[in-house]
Amino acid sequence: MTKIGIILGSTRPNRRGPQIARWVLDSASRRGDAEFDLIDLRDHPLPHLDEPMPPMFGPSEHAHTRAWAERIAPFDGFVIVTPEYNGGAPGVLKNALDHLFAQWSNKAVGFVSYGAGGGARAVVQLRTVCSTLGMAAVGYQVAISVLTDFENNTTFTPRDHHAAALGTTLDQVLAWSTALAPLRAGADTTLVNS
């Protein structure tokens, strides 16, 4: 069965991301057409990129990078849940992406973003980064406003249009993950960062 990782891309205190990521996971898990797993970057603390060799040339020298590679390698695609900080994606998320290369390649990625403007500018940046890593970023995305989509400014309250957007995003991630499977079949995602 297709395996999709849902990456929670914020680690800051009092973050709103866990509510959104849990909603994505719960919604996705009800589909029954893939396995979904939540990957919280708080559970994978990585220093600023400290590998002496670029990830595409590996092998990784540090155990923390090898552990991260082992966590990411089994997935066929991803949904990244990201806030927008100062017009871009969080540094911790970019750093996590930068630590690997082969483990991202030929995998689909979709985005669920949040921020005052729905997190759109963070996704623009992430599309470029993910494309450079060889990922296929799907066209649809979910944009959540921290100004209007949180009850009492604290509790995420998904609306019908969020559910519809998430459904389409997941459809696209699964379709592209399946379409890219032949390219992944010949690749060794453990070799480069082992």
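Contact is taken here to mean heavy atoms within 4.5 Å. The structure is a predicted model, in which local features need pLDDT of at least 70 and side-chain atom pairs count only at pLDDT 80 or more, whereas totals for chains, interfaces and linings use all residues. Residues are numbered from 1 along each chain as its sequence is written, and side-chain values use heavy atoms, with hydrogens and water left out.

His-162 is found in helix H5, which spans residues 160-179; helices (H or I, at least four residues) and strands (E, at least two) are DSSP runs numbered from the N terminus. His-162 is buried because its relative accessible area is 1%. When residues up to four places away in sequence are not counted, His-162 touches Trp-23, Val-142, Ala-143, Ile-144, Asp-149 and Thr-157. With Asp-149, the side chain of His-162 makes a side-chain to side-chain polar contact at 3.2 Å. A polar contact is a pair of N or O atoms within 3.5 Å; within protein, one atom must be able to donate a hydrogen and the other to accept it, and residues adjacent in sequence count only if both atoms are side-chain atoms. The His-162 side chain also reaches the backbone nitrogen of Arg-159, at 2.9 Å. Leu-126, by contrast, lies 36 residues from His-162 in sequence and 20 Å from it in space, C-alpha to C-alpha.

A salt bridge is defined as a side-chain nitrogen of Lys or Arg within 4 Å of a carboxyl oxygen of Asp or Glu. By this rule the model contains nine salt bridges. One of them joins Asp-171 and Arg-31, with the closest N and O atoms 2.8 Å apart. This pair links distant parts of the chain, Asp-171 being in helix H5 and Arg-31 in the loop between helix H1 (17-29) and strand S2 (35-40), 140 residues apart. Asp-171 counts as partly exposed, at 43% relative accessibility, and Arg-31 falls in the partly exposed class at 28%. Arg-31 and Asp-171 also belong, together with Asp-33, to a network of salt bridges.

A salt bridge is likewise formed between the side chains of Arg-71 and Asp-37 (2.9 Å, N to O). Arg-71 is in helix H2 (residues 63-72) and Asp-37 in strand S2, so that distant parts of the chain, 34 residues apart, are linked. Arg-71 is partly exposed at 22% relative accessibility, and Asp-37 is partly exposed at 32%.In the salt bridge between Arg-184 and Asp-76, the closest N and O atoms are 3.3 Å apart. Arg-184 lies in helix H6 (residues 181-185) and Asp-76 in the loop between H2 and strand S3 (77-83), so the pair ties together parts that are 108 residues apart in sequence. Arg-184 is buried, with a relative accessible area of 15%, and Asp-76 counts as buried at 18%.

Positive phi values were also found at two asparagine residues. Asn-106 has a phi near 60°, a positive value in a residue other than glycine. Asn-106 is placed in the loop between helix H3 (91-98) and strand S4 (108-115) and is partly exposed, at 21% relative accessibility. For Asn-153, phi is positive at about 65°, although the residue is not a glycine. Asn-153 lies in the loop between strand S6 (150-151) and strand S7 (155-156), and counts as partly exposed because its relative accessibility is 47%.

Technical notes:
Buried means under 20% relative accessible area, exposed over 50%, partly exposed in between (1.4 Å probe, protein chains only).
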